[in-house]
Amino acid sequence: MTTTKSYFQSKKIHSLTAIGYWHSIFEPEFPDPAWFRDEEWNVAEKQMVITHLLQSHPLADWTGQSWCRFRCAETQLGSKDLTDGTYIFPEGLVHYLQNHHIRLPEKFIQHVQQYKHIQINFGLEQCVIEFNWWTNQKGWNRNQQSFLAPNDELIENYKH
Ligand SMILES: [Zn+2]
């Protein structure tokens, strides 16, 4: 027999903070990756964050491949959302660090520095995702911008 207590234990809710979801015509509220460019980012620190992203755990797999907001040659950025137990981010986020000099906010870098590996034993359906912190990130370079869609036709069609 399932008691009320064990029911709630099995449904334990995990709170995850979103990071690395970029703007598009469909989600204009997200930040532009161009605001986060920093070619001077310390190489060792950057590599530590890249390794962290690559070692994170798949939480969901969506049907469509993500596209690069800088429209570079890479068209397969992945379709998964990953988690480290605290944050949730798209599989394609690491591409921006590796190829486009994107530096992530200091709060996330500190999290990675202090991170102790934990076992991810829950699914997306047990998560509540907090988007506000990320949506309010402004980066450090508001003079540059990337693209809102993989090609201009999509942007034009979306306006009409
Ligand atoms: Zn790219």
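Predicted model: local features only at pLDDT ≥ 70, side-chain atom pairs only at ≥ 80, totals over all residues.
A residue is counted as buried when 20 or more other C-beta atoms lie within 10 Å of its own.

The protein chain holds six helices and five strands. Read from the N terminus, the order of these elements is α-β-α-β-β-β-α-α-β-α-α. The C-alpha trace spans about 60 × 45 × 25 Å along its principal axes. Contacts across the sequence were also examined. Among contacts in the protein chain with a separation of 6 or more, 73% join residues 24 or more positions apart.

Helix α3 covers residues 93–100. Its buried residues include L93, V94, H95 and Y96. H101 follows α3. The phi of H101 is positive, near 55 degrees.

I118 has 10 other C-beta atoms within 10 Å, so the residue is exposed; the cut-off for exposed is 12 or fewer. The C-alpha atom of I118 is separated by 7.6 Å from that of D84. Along the chain, I118 and D84 are 34 residues apart.

Key: Residues numbered from 1 in each chain as written. Helix = DSSP H or I, 4+ residues; strand = E, 2+ residues; numbered from the N terminus. Contact = placed C-beta atoms within 7 Å.
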